[in-house]
Every structure is written in structure tokens, then in C-alpha cells.
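I opened this entry to record what I looked up, item by item.

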Amino acid sequence: MLSHGLIVVLAVVLLLVLIAVRTPIFIALSVSGIGGLLCLSGFGGLTLVPLAMGAQLQEYALVAAPLYILLGEALAVTGLGRDLFGAAHRWFTRVPGGLGASAIASSTLFGAMSGVSISSVALIGRMAVPEMLSRGYKPGFAAGSVAASGALAMLIPPSLMFILYASVTGESVAALFAGGIVPGLLLAALMIGYVVVRAKLNPDSAPRDGERFSWRERWAAIGKITPALVLIAMVLGSIYTGFATPTEAAAIGALLAFAMTGLVYRKLGWQNLKLIFASTATVSAAMLAIVGSAFVFTQMLVVARVPEALTDFVVGLDVHPYVVLIGIMLVLILLGCLVDAASLLLVVTPILVPAIEELGFDPLWFGVLLVVNLEMAVITPPVGLNLYTMKSVVPELDLGDIFRGIAPYLVIEFALILLMIAVPGTATYLPSVMT
């Protein structure tokens with residue numbers, strides 16, 4: 001008879017092997033979770049599988065996820081990405097590395113509408129990277145700025161990662177959204193700062209052009225994206241004024257996005273409607289399949305009493321809680337190299353949160369910290385989805401250039417993690433005021 005610990009180890013090894021041979025992540029999670037339950041509880045344990053999946057997928061907070069995806073997909077067909085990049089370019093044109101800074105700024109704004117990082121990379125990257133390359137920017141510099149800033153969609157509300165975290169922990173989605181605002185904007189500012197300094201110190205990586213824009217042109221560009229800014233304000237404002245829950249705000253936002261696409265941008269034809277709904281269904285189905293299968297895997301861990309064992313182990317360590325926290329962050333970075341961000345969040349959250357609470361940390365703060373950490377997963381090879389999305393939308397890029405271009409942003413992300421650990425108020429102040 002195998003011990004519970006050995007069964008869990010074998011299930012994790014099986015999961016990693018299946019991922020390594022490129023098995024779809026929801027199948028890898030389901031197979032390893034079911035195999036573990038079978039070894040732990042026999043065939044009777046398999047009755048937990050449909051119960052676990054059904055219970056998780058009925059979580060009310062998850063209703064918001066497809067609606068925010070629908071909102072982003074509706075806006076994606078409008079040409080809004082082009083307008084966002086154009087507006088940012090007109091305001092950053094005098095700044096060293098202005099096109100890179102413009103890409104980061106436009107990714108930040110689009111992230112505040114979609115909540116899906118690969119959508120941001122695809123939409124902004126399709127326009128920004130070819131423009132940078134045509135003006136002599138180094139490929140790594142151009143690709144890195146877009147692939148890294150696309151991950152901001154995971155942190156800036158409405159973030160699907162926060163919705164998933166809330167579905168597992170029961171934390172308030174509105175509070176998590178508020179907690180992500182300051183770190184998200186701070187991370188965007190750090191990325192822009194890096195681009196400017198890098199371009200200033202090494203002009204060959206981002207040559208300056210002589211293009212100039214009048215104040216009239218700058219404000220006209222802002223006018224083009226005003227409907228999108230109003231949409232962001234209405235969705236988030238409805239949440240924080242108490243007019244709507246995050247799920248209701250998602251429905252309001254999706255409805256307004258369709259109205260904007262049809263009435264303002266005149267892009268709501270039959271072909272675009274098919275594209276919007278097909279893309280929404282594809283992304284939503286993939287996400288919900290991962291949610292259900294990840295919960296089967298975590299149910300296996302619960303049966304094996306892994307969360308309790310980890311909590312007892314962590315609490316029993318004769319070290320400072322912050323040392324444990326840093327250790328957890330480093331392990332998550334390594335896991336992020338192997339597992340996609342959503343799956344990793346769903347697997348580790350039920351295990352880590354009880355231990356984090358026993359150490360005296362705020363689970364809301366840890367949720368924001370976890371999402372910052374998982375941003376690194378989508379830009380870390382060999383699994384980083386943003387890197388391959390970047391390659392798919394600009395095929396002439398070399399993957400090696402993309403990997404090299406992303407490296408400085410990993411350092412920036414980790415620096416933000418350290419700052420949030422040193423100053424928890426970066427994530428907790430706004431929730432305490434706004435919710």
C-alpha cells in the first residue's frame with residue numbers, strides 16, 4: 001500500500017510529464033488528479049470527480065469571466081487597439097524609446113478592458129511591433145515591451161485571475177480588483193521607466209525619430225479613445241459605488257461594449273458578430289475546462305491532506321514568516337516556467353492560503369502578490385503564452401530575440417514583488433478605502 005505522500009508525489013510527477021509532452025493542460029490535470037484519487041480512495045473516490053467539478057463550476061463569481069471576455073472581444077474588432085497605440089504614441093513621441101512606452105501605455109489601457117493577457121499581446125503587438133521594427137528598434141526591445149506589458153491585463157481590473165482566486169478562496173472580487181490597481185499602475189510605470197532609460201543609455205536599441213505632433217493632434221487622439229475610457233470608468237465605477245456587483249458590472253460592460261462597437265465604431269456586422277462569439281466561446285470553454293480539471297486535482301490533494309500538512313510544516317519552521325514567503329515566491333516562479341498561470345493559481349491557492357493565514361498574512365494581499373508572481377509565468381519560457389502569442393502575430397520575430405527581450409521585465413516583476421512584501425499597503429490600502 002502506497003503512502004499518501006508518495007501518491008501525491010507520483011501524481012505531481014505524472015502531471016509534469018504530461019505537460020512536458022504537450023498534453024492539453026486540462027487533460028493533464030484531470031488524468032493526474034483522477035489517478036491520485038483512485039490510488040487514495042479506490043473507485044469510490046472517483047465519485048468525488050463530478051461533485052468537485054460541478055461545485056467549482058457553479059461558483060457565482062465565475063459567471064463574470066465569460067462576460068469580461070465577451071467585453072474584450074467586442075472591443076477587439078473595433079480597431080480600438082490601433083487608436084490606443086496611436087494616442088499613446090502622440091503623447092510619448094518626445095520620450096526616448098517612445099514607441100516602446102506607447103506600447104506599454106496602450107497595453108495598460110486595453111488590459112483594463114479585457115482581463116486576458118494574450119488578447120492584449122495580439123491586439124497591440126500586431127500594430128506596435130512592426131511599427132517599431134520599421135523604425136530601427138531592436139527586435140528584442142520591441143517584442144519584450146509588448147509581451148511583458150500584455151501581462152498587465154492579469155493584474156489591472158477587470159482581471160480574470162482575481163475572479164479565479166475569488167472563486168477558490170471566497171475573497172471579494174471587488175476588493176481584489178481594487179487591490180490590483182496600484183500595483184498594476186506601478187508596474188506599468190516601472191516598465192515605461194525601464195524603456196526610457198534603456199533607450200537613453202543605448203540609442204541603437206530604440207532610435208529616436210523626428211516625428212512631432214501638435215497639441216490639437218494629441219487631444220484629438222484622446223478623443224478617439226474617450227468612449228473606451230468612459231466604458232472603463234462605468235464598469236469599475238458601478239462596482240465601487242455599490243451600484244452593481246462585479247458580475248453585474250461585467251454584464252453592463254459587455255452590453256455597453258456591443259453598443260459602442262455598433263453605434264460608435266460601426267463594426268458590428270455579421271462577420272464580426274460571429275468572430276466575437278466564436279472567440280469568446282473558445283477562450284471561455286478553455287478557461288472553464290481548466291477550472292474544473294484543476295479542482296479535480298486539488299480535490300486529490302485535499303483528500304491526501306496536503307494543505308493541512310503544508311500548514312503544519314510551514315508554521316513549525318523556526319524562521320521568520322517573511323523568509324517562508326520569499327521561499328514560496330521563488331518556488332512559484334520555478335513552477336511558472338512549467339505550468340500556465342491560470343492552472344497554477346487554481347492548484348496552489350487551496351494549498352497555500354491556509355498556510356499564509358496561519359503565518360498572519362492577509363489573504364487578499366497574498367492574492368494580489370500571487371497574481372504579480374503569476375504574471376511572470378506568462379512571460380517565462382518554455383511555457384510563457386505571451387511569448388508564443390507574440391511570435392504568432394509577428395512571425396518574422398525570432399524566439400531567441402523574444403526571450404532575450406523579456407528578461408529585464410522579469411527582474412522588474414520580481415522587484416515589485418519585493419516592494420509589495422515590504423509595503424503591503426500597495427495592495428491593501430485601496431480595498432480598505434473603496435470597498
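The contact is made by Gly100, Ala101, Ile104 and Thr108 of helix 6 and by Leu185, Ala188, Met191, Ile192 and Val195 of helix 10. Contact means heavy atoms within 4.5 Å. Helices are DSSP runs (H or I, at least four residues), numbered from the N terminus.

I noted the ground rules: this is a predicted model, where local features need pLDDT of at least 70, side-chain atom pairs count only at pLDDT 80 or more, and totals for chains, interfaces and linings use all residues. Residues are numbered from 1 along each chain as its sequence is written, and side-chain values use heavy atoms, with hydrogens and water left out.

Next I looked up Ser145, which is in helix 8 (residues 139-150). Is Ser145 buried or exposed? Ser145 is buried, at 0% relative accessible area; buried means under 20%, exposed over 50% and partly exposed in between (1.4 Å probe, protein chains only). Leaving aside neighbours within four places in sequence, Ser145 is in contact with Gly100, Ala103, Ile104, Met132, Val195 and Tyr409. Of these, I had already listed Gly100, Ile104 and Val195 in the contact of helix 6 and helix 10.

I then searched the whole structure for aromatic pairs and found 8. Rings of Phe, Tyr and Trp (its six-membered ring) pair if their centres lie within 6.5 Å; planes over 60 degrees apart count as edge-to-face. The rings of Tyr68 and Phe177 are edge-to-face, because their centres are 6.2 Å apart and their planes stand at 70°. Tyr68 is buried at 0%, and Phe177 counts as buried at 0%.

Trp91 and Trp215 form another edge-to-face pair, 5.5 Å centre to centre with 70° between the planes. Trp91 lies in helix 5 (residues 80-92) and Trp215 in helix 11 (residues 215-240), so this pair ties together parts that are 124 residues apart in sequence. Trp91 is partly exposed at 30%, whereas Trp215 is exposed at 53%. Trp91, Trp215 and Trp219 form one aromatic cluster.

Which residue lies over the face of Trp91? Arg218 does, at 5.8 Å from the ring centre. Arg218 also lies over the face of Trp215, at 4.6 Å from the ring centre. The test is that NZ of Lys or CZ of Arg is within 6 Å of the ring centre and within 35 degrees of the ring normal.

After helix 11 comes Gly242, with a positive phi near 85°.

Last, I checked the backbone elsewhere. A cis peptide bond joins Pro157 and Pro158, with omega about 5°.

Methods:
Rings of Phe, Tyr and Trp (its six-membered ring) pair if their centres lie within 6.5 Å; planes under 30 degrees apart count as stacked, over 60 as edge-to-face and the rest as tilted. Helices (H or I, at least four residues) and strands (E, at least two) are DSSP runs, numbered from the N terminus.
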